[in-house]
Amino acid sequence: MAKDYFQYPSPCYLADGHVVPHFFGAYQIRPLNPMRHLVVLLLLLVHMSTYAGDFFPTEYKQFPFKEGDLLASKRSDGMFAINKILKVDRFDFKKGSAINIQGQSFVATEDDYLLIVSAAYGEAEFKSLEEARTAAKAGKWAVKISHAPNRPPGAAAGQMLIGSAPVTEADLAGYRQWKAAFARGEAGVF
């Protein structure tokens, strides 16, 4: 047994001076150090706050880019587009709550979370990656879709980081409309 937590009891002394030993190897439990209680509590809380369920796949919980990143993607016709990451939100779902993914409703069987990536997608207007990079630096690219909410694997697929730019309030207009509808259960993600 650990000496920090237990101590062998001292013998009992009777009023007439006789010593009465303890039998059966009894141990007396000493209270834990209050600092140890605090450390154990903090470790439990940290573990609980980082706990993720298994309802959503692991790839829905990580994303390699951040808000304001400008990404280039190559379309099937060989042209390049510039896309901008507007927001990366963590949404926590309680057991029994639902989410609409690609038009299909999924009900969480346990508490879990996922990331939802909101991005603006540009026109496929550049003939090369270098041309897209130059346009991104100059801030000269056409937006085709001002906001699309997506899951991390889809939002990252085929994307290459080519720069960054501040996310403005004007950039977030579509995002704010979607987020309000999502909170009401009227919108989903791709």
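Author: Happy to. A residue is called buried when its relative accessible area is under 20%, exposed when over 50%, and partly exposed in between, using a 1.4 Å probe on protein chains only. Please keep in mind that this is a predicted model, in which local features need pLDDT of at least 70 and side-chain atom pairs count only at pLDDT 80 or more, while totals for chains, interfaces and linings use all residues. Residues are numbered from 1 along each chain as its sequence is written, and side-chain values use heavy atoms, without hydrogens or water.

Let's begin with Q159, which belongs to strand β11 (residues 159-164). Helices (H or I, at least four residues) and strands (E, at least two) are DSSP runs, numbered from the N terminus. Q159 counts as buried because its relative accessible area is 13%. Beyond neighbours within four places in sequence, Q159 is in contact (heavy atoms within 4.5 Å) with F65, L71, A72, S73, N83 and Y121.

The side chain of N83 makes one of 3.5 Å with the side chain of R75. A polar atom of the N83 side chain is also 3.1 Å from the backbone nitrogen of G122. The residues that N83 touches, leaving out those up to four places away in sequence, include D69, W141 and Q159.

Strand β6 leads us on to helix α4, through an aromatic pair. Rings of Phe, Tyr and Trp (its six-membered ring) pair if their centres lie within 6.5 Å; planes under 30 degrees apart are stacked, over 60 edge-to-face, and the rest tilted. The ring centres of F91 and W178 are 6.1 Å apart with planes at 85°, so they are edge-to-face. F91 sits in β6 and W178 in α4, 87 residues away, and both are buried.

Now for α4 itself (residues 173-183), where G174, Y175, W178, A181 and F182 are buried. These lie on the same side of α4 because they span an arc of only 130° around the axis, taken from the directions from the helix axis to the C-beta atoms. Q177 and A183, on the other side, are exposed. The buried residues pack against β6 (80-93), β7 (98-101), β9 (112-122) and β10 (143-150).

Finally, the core. A nonpolar core is a set of buried Ala, Val, Leu, Ile, Met, Phe, Trp, Tyr and Cys residues joined through side-chain atoms within 4.5 Å. The largest one has 17 residues, and I99, L114, I116, W178 and F182 touch the most other members. At least two residues come from each of β6, β7, β9 and α4, with α4 giving the most, four. F182, for example, touches F91, F93, I99, I116, A187, G188 and V189, again not counting residues up to four places away in sequence. Another core, of eleven residues, lies apart from this one and has F63, I85, L115 and A155 among its members.

Methods:
A polar contact is a pair of N or O atoms within 3.5 Å; within protein, one must be able to donate a hydrogen and the other to accept it, and residues adjacent in sequence count only if both atoms are side-chain atoms.
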